[in-house]
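Welcome! Here is a short briefing to read with the model open beside you. Take your time and look up each residue as it comes.

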Amino acid sequence: MASSRCFLRNNESSGMYDLNFFRNNLEQIRHRLLARGFVLDAEAFQDLDGRRRQLVTESERLKAERNQATVTIGQRRKTGADTSEQQQQVRAMGERIAELDEGVKQIDLEFRDFLARIPNVPHDTVPLGNDEQANVEVRRWGTPRDFNFAPKAHWDLGPELGILDLDRAAKIAGARFAVYWGLGARLERALINFMLDLHTREHGYQEVLTPFLINSASLYGTGQLPKFAEDSFRCEGHDLWLAPTAEVPVTNLFRDETLNAATLPLSLCAYSPCFRSEAGSYGRDVRGIIRQHQFQKVELVKFTRPEQSYDEHEKLTRDAEHVLQKLGLPYRTVVLSTGDTGFSAAKTYDIEVWLPGQNGYKEISSCSNFEAFQARRAQIRFKAGKEKADFVHTLNGSGLAVGRTWVAIVENYQQADGSVLVPEALRSYLNAERIDATGGRLV
RNA sequence: GGAGAGGUGGCUGAGUGGUCGAAAGCAGCGGUUUGCUAAACCGUCGUAGUGCCUUAAAGCGCUACCGGGGGUUCGAAUCCCCCCCUCUCCGCCA
């Protein structure tokens with residue numbers, strides 16, 4: 001029985017949108033999307049909306065008629081009267097209704113696709129610009145070390161220390177994969193524990209461990225689908241994808257749920273491996289482990305009330321930065337321009353760590369406020385007392401990308417003799433103060 | 001993977017073709033009673049879409065929704081098919 005409801009609930013995508021939100025704010029949305037270079041076809045929206053309402057109205061009118069006729073038939077049959085003629089009429093009515101509902105269904109699909117491809121509206125505080133050239137540095141912490149020798153890049157240092165093995169990784173998996181040995185492997189694990197402990201003990205996050213494979217509905221919920229299907233790995237024969245980031249499973253934890261307002265803001269942190277196809281990034285970061293098909297990440301995710309999301313965004317960004325401060329790694333934080341801000345985000349800070357091997361700052365965390373964009377798609381609401389339920393704001397950020405932190409430590413803490421000094425904060429986790437040429441072998 | 005049981009409103013749980021949006025209980029909300037609390041009693045109590053009205057809200061009406069999709073029928077929570085999920089047993093396995 002197709003109905004207007006199928007617009008809201010579709011098994012394979014579960015992409016759901018709030019039509020009223022677009023109807024009531026169409027011109028404003030269109031105007032603000034221009035800032036990020038997206039041209040919203042308002043006429044197409046109104047055309048779809050109008051056609052859909054026309055069909056729905058007609059269909060519902062006929063259904064009301066049919067329901068009445070049905071009752072009459074039931075009553076007459078009880079008295080033994082012949083109702084075959086009326087039955088014939090209702091049957092014909094049913095065919096017409098089916099046609100109309102089929103039309104509604106088609107428009108709903110068109111509508112869904114149309115809406116699913118509209119990016120989020122940038123926040124007022126986001127600098128205008130077309131690309132990363134327009135990003136604005138908001139702060140800088142630490143001073144890049146002055147080496148009295150030529151610092152090496154991690155792709156040289158790692159293999160020399162025996163802790164990083166890209167050749168064998170290529171053999172068993174392919175390009176853009178890594179094998180870590182000994183203290184290299186343990187450093188990765190130490191970083192994960194260090195980050196999780198910091199966020200749960202000092203920043204008030206609740207730890208959660210979620211599946212690394214997720215379904216399509218989850219990817220729609222956070223906005224990776226339908227536009228970015230080619231960025232993720234899909235499991236053949238299943239509606240399952242390798243999670244590109246823990247943002248997806250963690251944010252979707254509360255899909256189709258209404259949270260008690262008293263629990264907000266809700267701060268979660270999750271470790272997970274992340275899998276990305278990196279389609280279209282050929283030739284970028286080809287050396288080393290900066291850009292991998294698989295990497296690990298500790299993710300920070302928050303669910304907040306709308307009025308508190310920007311405060312929480314600032315906090316979340318500081319929480320991520322705190323990891324670098326504890327590790328003594330210089331960084332800077334930039335706010336992305338309208339043109340550089342991702343599809344689902346309203347505002348994003350990138351945290352960039354200093355990498356001697358690149359003689360520059362490299363993104364190590366991206367902290368975004370999605371406002372209600374994801375919440376509308378994933379139907380995540382909150383409710384306080386008698387108030388009508390409203391959509392939460394969702395935010396997330398890396399806290400941090402573990403692989404790139406590994407690189408930052410190896411490169412920033414390298415010594416003239418080729419060894420790597422372990423930052424104070426990490427020593428108890430790594431159970432070592434220095435990684436030298438025997439680092440690959442744990443005796 | 002095989003066999004069986006089951007998925008109904010915030011929760012528990014009735015309902016096997018017609019007036020069922022769905023009994024009953026609990027929770028919630030409003031009120032009466034009450035020194036306060038508790039109890040009792042009365043009332044109320046799903047979501048979404050759409051039409052009318054309205055600046056809007058409210059209101060009134062209609063439609064849809066009983067895990068999801070499809071089918072049978074004049075008419076489906078109820079009958080049939082497919083899928084998903086939960087539980088039990090078997091197999092396999094970390």
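Threonine 405 is buried, because its relative accessible area is 0% (buried means under 20% relative accessible area, exposed over 50%, partly exposed in between, with a 1.4 Å probe and protein chains only). You will find threonine 405 in helix H12 (helices, H or I, have at least four residues and strands, E, at least two; both are DSSP runs numbered from the N terminus). Leaving out residues up to four places away in sequence, threonine 405 touches Leu191, Met195, Leu327, Leu329, Ile364 and Leu400 (contact means heavy atoms within 4.5 Å).

**How to read the model**

- This is a predicted model, where local features need pLDDT of at least 70, side-chain atom pairs count only at pLDDT 80 or more, and totals for chains, interfaces and linings use all residues.
- Residues are numbered from 1 along each chain as its sequence is written, chains are lettered from A and ligands numbered from 1 in the order in which they are written, and side-chain values use heavy atoms, with hydrogens and water left out.

**The whole chain**

- Chain A has 13 helices and 17 strands, and its C-alpha atoms fill a box of roughly 100 × 45 × 45 Å along the principal axes.
- Domain 1 covers 5-116 and domain 2 covers 132-435, with bounds from an automatic or database domain assignment.
- The centres of the two domains, taken over C-alpha atoms, are 42 Å apart.
- Of the 443 residues in chain A, 53% count as buried.
- Take the contacts between residues at least 6 apart in sequence: 75% of them join residues at least 24 apart.

**The nonpolar cores**

- In soluble globular proteins, nonpolar side chains tend to be buried together.
- The largest nonpolar core holds 47 residues, and Leu187, Leu191, Trp406 and Ile435 touch the most other members (a nonpolar core is a set of buried Ala, Val, Leu, Ile, Met, Phe, Trp, Tyr and Cys residues joined through side-chain atoms within 4.5 Å).
- Several elements each supply at least two residues of this core, including helix H5 (154-161), helix H10 (309-327), strand S9 (294-304) and helix H12 (402-412).
- Which helix gives the most to this core? That is H7, with 9 residues.
- Beyond its neighbours within four places in sequence, leucine 187 is in contact with Trp406, Ile409, Val410, Leu426, Leu430 and Ile435.
- Apart from this core lies another one of 20 residues, among them Phe254, Ile380, Phe382 and Phe391.

**Backbone details to look for**

- The peptide bond from leucine 264 to proline 265 is cis, with omega near -5 degrees; proline 265 sits in the loop between strand S7 (257-260) and strand S8 (266-275).
- Glycine 399 and leucine 400 are also joined by a cis peptide bond, with omega about 10 degrees, and leucine 400 belongs to strand S15 (residues 393-401).
- Arginine 176 is not a glycine, yet has a positive phi of about 70 degrees; this residue lies in the loop between helix H6 (166-172) and strand S3 (179-180).
- Is arginine 176 buried or exposed? Arginine 176 is buried, because its relative accessible area is 16%.
- Asparagine 431 has a positive phi too, near 60 degrees, but asparagine 431 is exposed, with a relative accessible area of 63%.
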